[in-house]
Amino acid sequence: MTKKRLTSSQVLHKGGLLVTVLVFASIGILMLTGLVAWTGMNARVLRTATSRELAFHVAEAGIDYYRWHLAHAPTDYQDGTGVAGPYVHPFYDTAGNMVGNFSLTITAPVAGSTIVRVRSTGSTIAEPTITRKIEVLFAIPSFAKYAWVLNSFVNFGSTAYVYGPIHSNTGLRFDGIAYNLVTSATSTFDDPDHSGGYEFGVHTHDSPVDPLPPAAVPNRADVFVAGRQFPVPAVDFTGIISDLSQIKSAAQSEGRYFAASGGLGYHVVLKTNDTFDLYRVNTMYSKSGCSCSGTGCGTLSIKSGGETFLSNYTFPANGLIFVEDHMWVNGTIDGARLTIASAKFPDNPSTRTNINVTNDIRYTNYDGTDVIGLIAQGNFNVGLVSEDDLRVDAAIIAQNGRIGRYSYTSECSPNHLRTLLTTYGMLGTNQRSALWYGSNGYQTRNYIYDANLLYAPPPSFPLTADQYITISWEEVE
């Protein structure tokens with residue numbers, strides 16, 4: 001058999017074909033390898049994204065669980081265990097399969113605050129190293145949600161400036177400038193300061209005087225900068241009256257409690273080193289010919305040398321100071337949270353006690369760190385011999401009485417006429433309040449609402465609801 005020899009040109013042609021096949025085969029292999037790698041990478045990305053999404057929902061479930069827990073156990077910040085966290089719970093899908101865990105880190109409120117911080121970390125069984133974290137602040141609103149809350153009629157004069165919400169359960173006249181919403185529980189009422197027909201629940205006599213209902217309510221942005229609204233639901237003053245007895249019990253057990261002084265009352269001087277000086281008040285300031293009008297009126301000012309030093313005390317850990325007598329308060333705090341209350345039990349209108357102020361009460365910090373609550377069973381009074389530029393940093397409640405100053409005659413000069421009163425906090429008054437009478441009192445009044453009070457009020461301060469609400473939600477890290 002004769003073998004056929006290939007010519008050199010044929011050999012070269014077949015060799016070139018083989019190279020071409022090898023090149024395309026290599027390219028195909030590379031593409032296939034890339035495709036497989038790309039598919040694998042996509043699968044991993046999808047698996048990771050699925051795990052991250054599932055971890056997020058698991059973390060959310062942890063937040064929902066603890067909100068439910070707080071609804072049933074409002075003061076349990078240890079997940080029912082009685083020991084420190086974190087607290088880990090399994091998470092199951094609808095078929096009953098365990099697919100992940102959430103871990104809860106819970107920070108209890110500081111004294112007086114209602115803010116609970118809950119951080120939930122969610123993870124999956126499939127990829128436990130992938131986690132999502134959600135942090136939520138829960139809180140119960142306090143009674144301190146207004147610059148002024150009134151259970152009776154009040155006439156705010158033309159030199160009153162209020163930087164915060166105002167609410168009246170009856171009706172109010174406002175002739176100054178309100179920089180936040182003004183509300184009333186009544187649509188119309190009879191203004192006791194003059195005769196005539198019924199007026200709007202919130203009305204002004206600042207020119208032009210509001211028309212009478214049923215006329216349309218004018219838009220008076222020069223007076224009510226943020227508007228006015230009426231009628232709205234009333235604030236329950238009765239609900240806060242019972243809290244004084246609870247404060248007394250807590251002060252007796254873990255705070256500072258002082259029985260009747262045997263004199264005219266106590267004088268509390270607050271200090272920035274977390275202590276206070278306590279005095280027994282013996283003698284009031286008096287001046288010939290000076291008089292005032294109103295039930296229980298007097299100078300309500302301690303005579304120079306008219307008190308006896310009793311002792312210096314540290315602030316109690318629970319922040320509660322309770323005296324079963326009248327009280328004067330002044331001084332400055334730095335990093336403290338206090339509620340100072342005055343009441344006598346059993347409650348009797350003829351023996352109710354008052355809190356009086358003639359000198360500044362001040363915070364060092366205005367970021368919510370410092371807070372003072374002053375709760376009087378009767379009145380909160382500004383005495384006659386008070387600072388010309390008086391500042392009171394506090395959340396103040398006159399449970400059965402009023403926040404105000406008596407109307408002093410010109411014979412009380414120069415103390416009858418004062419220049420400026422500034423409050424920072426909130427004011428709640430049961431009876432009609434007055435701090436300016438046209439010829440005496442504080443000529444200018446600035447009332448500034450402390451928004452920190454809403455969810456971080458003074459210790460044992462009355463709350464408006466018994467359920468937590470979410471005030472902040474964010475995914476962290």
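Author: Arg173 stands opposite His203, a residue of strand β14, and in this predicted model two bridges join β14 to strand β9, which spans residues 172–174, with the two strands running parallel. These strands belong to an open sheet of three, arranged in the order β6-β9-β14 with parallel pairing. Because β6 (154–156) and β14 (202–203) stand at the edges and have a single partner strand each, one side of each is left without a neighbour in the sheet. As background, strands of a sheet pair through backbone hydrogen bonds, and they may do so in either a parallel or an antiparallel way.

Elsewhere in the chain, links of another kind can be followed, namely the disulfides, of which there are two. One of them joins Cys290 to Cys412, with an S to S distance of 1.9 Å, and since Cys290 lies in the loop between β18 (275–281) and β19 (292–293) while Cys412 lies in the loop between β30 (407–408) and β31 (417–429), the pair ties together parts that are 122 residues apart in sequence. Both Cys290 and Cys412 are buried, and the torsion about their S-S bond is about 95 degrees, so this disulfide is right-handed.

The other disulfide is formed by Cys292 and Cys297, whose sulfur atoms are 2.5 Å apart, and with a torsion of about 100 degrees about the S-S bond of Cys292 and Cys297, this disulfide is therefore right-handed. Cys297 counts as partly exposed because its relative accessibility is 29%. When the bonded cysteines are counted along the chain, the disulfides follow the pattern 1-4, 2-3.

Terms used: Residues are numbered from 1 along each chain as its sequence is written. This is a predicted model: local features need pLDDT of at least 70, side-chain atom pairs count only at pLDDT 80 or more; totals for chains, interfaces and linings use all residues. Side-chain values use heavy atoms; hydrogens and water are left out. Two strands pair if DSSP finds at least two bridges between them. Helices (H or I, at least four residues) and strands (E, at least two) are DSSP runs, numbered from the N terminus. A disulfide is a pair of cysteine sulfur atoms within 2.5 Å. Buried means under 20% relative accessible area, exposed over 50%, partly exposed in between (1.4 Å probe, protein chains only).
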